Structures are given as C-alpha cells and as structure tokens.
Amino acid sequence: MSPPTGTGDTRHDVQSTFEAVFGGRPDLLIRAPGRVNLIGEHTDYNDGFVFPAAIDRELWLALRPRTDERVALHSLDFGAGEFSLGGLSPGDDGWIGYLKGVAWVLTEKGHRLTGWDGVVGSDIPIGAGLSSSAALEMATLCAFAAVSGIPWEPREAALLGQRVENQWMDVQSGIMDQLAVGLGRRDHALLIDCRTLDVRPVPLPAGLTLVVLDTGTRRGLVDSAYNERRQQCETAARACGVPALRDVDLAGLESVGGLEPTVRRRARHVVSENGRTLEAAGALRSGDLDHLGHLMNASHASLRDDFEVSTEALDVIVDLALRQPGCVGARMTGAGFGGCALAIVEESRAAGLARRVGEAYHDALGIQAEAYVCGAADGVGVLDVS
C-alpha cells in the first residue's frame with residue numbers, strides 16, 4: 001500500500017486535524033514536495049545521471065514531541081496508526097510502514113529517538129511516479145531529526161530514505177527520488193550524479209511549465225518487473241566487466257559478446273539514457289528547446305522499446321501531448337508500468353493542452369486522466385506553524 005494523500009488545502013487540513021485529534025497546536029510543521037523527472041529514467045540505480053525537479057504537489061506533516069517512545073499518527077486518508085520505537089520489525093503495515101522504516105534506519109545508525117504525535121496529508125497522487133513515498137520518508141526523517149536533536153543533512157537523509165525502500169520495503173530503487181525531495185530548488189531542475197551525489201541546479205526558462213499527465217493507471221513497484229529490470233542491468237554490467245552501466249558507452253556495449261538479447265536492450269536504454277540526460281541539461285542551460293524536446297521524445301521511445309516499461313496508456317497520452325501546440329517534448333516519467341507522463345509546455349498554452357489531452361485520452365481509452373500544471377519547488381523543510 002502506498003503512502004497517504006490528501007485533498008484541498010492540505011496544510012490547513014493537517015493543522016486543524018492535529019488540533020482536533022491531539023488538542024492544541026502542533027509544535028512543528030514539515031513540508032515535503034513530490035518530484036517529477038524530466039529525463040534520466042532507470043539510470044539512478046546504475047550509478048548514472050538523472051534530471052528531476054521537486055514540484056509544488058506537497059506532503060504536510062504537523063507534529064508535537066511526546067515524552068515516551070511511541071509515535072502516534074493520523075492520516076487524512078487512512079486514519080490512525082501507532083507504533084513503538086523499540087523492537088521495530090518489518091511487517092504488512094501499509095502506509096505506516098514507511099515511518100517505521102525511517103525509525104528503524106535511524107536507530108540502526110545509533111540515534112536515540114524521541115516519540116511524537118503527528119497528522120499527515122498530501123496532494124501528491126498515489127502510485128503515479130511522483131515520489132509520494134519519498135516525500136513521506138524525507139518528511140519523517142526531518143521530523144525525527146527535529147524532535148530528537150539530530151543534525152539535518154539532506155544528502156545523508158536521502159541515503160537513509162533509500163535504505164528504507166531497499167531494506168524495509170523491499171523495493172530496489174535508486175537515490176533520485178529522495179535527493180530531489182531533499183534538495184529541490186524553486187524554478188530549477190537538478191542534474192544529479194547518482195554515483196557522487198553531486199547535485200547541480202539548472203534554471204528552468206521563464207515561460208515554460210511542467211504539465212504532469214496522470215493516466216489513471218497504477219503500478220506497484222514490488223509486484224512489477226522493477227526489481228527484474230535492476231537485476232538485468234547488473235547482469236549486463238558484470239558481462240561488460242564494470243561496476244555499473246554508468247561506465248559503459250554504446251560502442252563498448254555493442255562489443256560485448258554473449259549478452260542475451262533482452263539484457264542487451266535493457267543495457268542499451270541505460271547507456272543511451274545517460275547520454276541523453278547530460279545533453280538535456282546542456283540544452284536547457286542554453287535554451288535549445290528543440291533539442292530538449294528531441295531528447296525527451298527519444299527517451300520515451302527507448303523506455304518503450306528497449307526497457308519495455310511503458311504501457312498503452314502512457315504511449316497514448318504522450319502521443320496526444322506531442323500533437324498539441326506549445327508542447328516542447330513529452331515522455332513517460334517514473335518507473336513505468338503505469339502512472340504519469342510529463343510534458344514541458346509553453347506556460348500560456350498549458351491549460352489548453354491539459355484540457356484537450358484529457359478529452360482525447362478519454363475518447364481513446366475510456367479512462368479519465370488528470371493533469372497537474374506544476375512549478376519547480378524547494379525541497380523538504382520545517383515551516384512556521386502560524
């Protein structure tokens with residue numbers, strides 16, 4: 001089960017619900033953004049390059065420290081949950097498992113944790129590839145740091161959040177989501193080197209906006225072929241004699257014999273996607289939007305044909321977006337197998353594109369799509385509760 005989401009004025013709802021459930025005002029209010037990836041898919045766990053932006057779809061967490069070692073939570077969508085900070089172990093805990101996993105990794109690091117009461121809500125769509133789980137992990141890490149006197153370091157927190165996914169939730173994901181949520185910068189995308197954790201903000205040109213097109217289809221990463229894709233990439237890297245596919249170019253990959261054809265296609269996507277990601281950052285810096293669009297379109301084709309993580313719904317909605325005036329480029333975003341696509345669009349035409357794509361998508365597949373016109377936002381942080 002994925003983390004909770006909320007609707008409406010989520011910040012206000014979270015604060016007022018805290019007062020109703022726990023009595024009195026919260027001491028702390030934490031905001032964590034979702035994220036969308038412009039380009040660079042399935043490259044993060046191959047030590048490669050990604051190019052996400054934190055977005056202004058957000059998770060809010062209001063909390064107040066307790067005097068014992070318990071965490072009591074209320075979700076705007078899923079009701080109450082509670083757990084002890086002692087004797088933590090994985091289980092079928094639904095959304096609250098993410099918080100237990102955070103407590104576990106911090107305890108494993110040797111931190112003594114303080115309990116707290118909290119209310120959480122979010123307008124980040126569940127299972128859409130917009131990092132609702134990473135937002136919850138990073139907000140929870142920030143909460144424990146604040147109440148337990150742990151110094152806040154976003155990169156270290158991102159690594160701990162990834163460990164929650166890998167070792168607690170059994171999803172072998174990379175570091176991109178947590179880094180984007182932790183280090184997002186308003187009006188910028190982030191070129192991330194997933195080996196060194198170097199993060200370079202790149203300004204988004206004025207007059208452009210991000211339109212997230214939600215297909216209304218969902219995937220579960222644990223139950224999908226996500227972990228299988230990661231294993232195939234590791235197989236290809238071993239065959240190439242390198243630590244990760246980050247260290248291979250296309251010529252080197254083609255020279256390696258004995259690779260099963262499917263594994264070769266998976267590797268070809270990763271190697272070519274790394275190149276596209278670096279080129280896309282350069283194109284955005286220089287304002288070469290035609291080239292940026294070409295790279296996004298090529299990325300989608302590679303994800304569809306070589307990595308095989310697209311779906312009919314994603315292909316249809318991307319094609320519809322590309323037909324619209326003002327669309328610079330479009331591609332599926334996130335792990336795939338459902339979820340969302342991203343279009344980079346002239347701001348003045350974004351609302352019209354969203355409406356027309358939604359209507360045409362419903363006509364084609366009989367599914368109701370949602371569109372979110374997003375700006376690039378700052379990363380996780382503690383806000384004034386007033």
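Student: Are Tyr 45 and Tyr 226 both buried or both exposed?
Tutor: This is a predicted model, so local features need pLDDT of at least 70, side-chain atom pairs count only at pLDDT 80 or more, and totals for chains, interfaces and linings use all residues. Residues are numbered from 1 along each chain as its sequence is written, and side-chain values use heavy atoms, with hydrogens and water left out. Take buried as under 20% relative accessible area, exposed as over 50% and partly exposed as in between (1.4 Å probe, protein chains only). On that scale Tyr 45 and Tyr 226 are both buried.

Student: What kind of aromatic pair do Tyr 45 and Tyr 226 form?
Tutor: Four aromatic pairs occur in the structure, where rings of Phe, Tyr and Trp (its six-membered ring) pair if their centres lie within 6.5 Å, and planes under 30 degrees apart count as stacked, over 60 as edge-to-face and the rest as tilted. For Tyr 45 and Tyr 226 the centres are 5.6 Å apart, the planes make 65°, and the pair is edge-to-face.

Student: How many residues apart are Tyr 45 and Tyr 226?
Tutor: Helices (H or I, at least four residues) and strands (E, at least two) are DSSP runs, numbered from the N terminus. Tyr 45 sits in the loop between β1 (28-39) and β2 (49-65), and Tyr 226 in helix α6 (residues 226-240). The pair thus links distant parts of the chain, and the separation is 181 residues.

Student: What is the angle between the planes of Trp 104 and Trp 168?
Tutor: Trp 104 and Trp 168 form a tilted aromatic pair, 5.4 Å centre to centre. Trp 104 belongs to helix α2 (residues 96-108) and Trp 168 to helix α4 (residues 154-168), so the pair ties together parts 64 residues apart in sequence. Trp 104 is buried at 17% relative accessible area, and Trp 168 is buried at 8%. Their planes make an angle of 35°.

Student: Where does Leu 197 lie?
Tutor: Leu 197 also has a positive phi, near 65°. Because its relative accessibility is 12%, Leu 197 counts as buried. Leu 197 lies in the loop between β6 (188-193) and β7 (198-203).

Student: How are α9 and α10 oriented?
Tutor: Axes are lines fitted to C-alpha atoms, for helices over the stretch in contact, and angles run from 0 to 180 degrees between N-to-C directions. The axes of helix α9 (residues 289-305) and helix α10 (residues 312-322) come within 12 Å and cross at roughly 165°. Angles under 35 degrees count as roughly parallel, over 145 as roughly antiparallel, 65 to 115 as roughly perpendicular and the rest as oblique. Therefore α9 and α10 are roughly antiparallel.

Student: How many charged residues are in the contact of α10 with α11?
Tutor: The axes of α10 and helix α11 (residues 350-365) come within 9 Å and cross at roughly 140°, and the two are therefore oblique. Among the residues making the contact are Val 316 and Leu 320 of α10 and Val 357 and Tyr 361 of α11. Ala, Val, Leu, Ile, Met, Phe, Trp, Tyr, Cys and Pro count as nonpolar, Asp, Glu, Lys and Arg as charged, and the others, Gly among them, as polar. The contact has eleven nonpolar and no polar residues, and the number of charged ones is one.

Student: Which elements do the buried residues of α10 pack against?
Tutor: The buried residues of α10 are Ala 313, Leu 314, Val 316, Ile 317, Val 318, Leu 320 and Ala 321. They pack against β8 (208-214), α9, β9 (327-333), β10 (340-346) and α11.

Conventions. Contact means heavy atoms within 4.5 Å.
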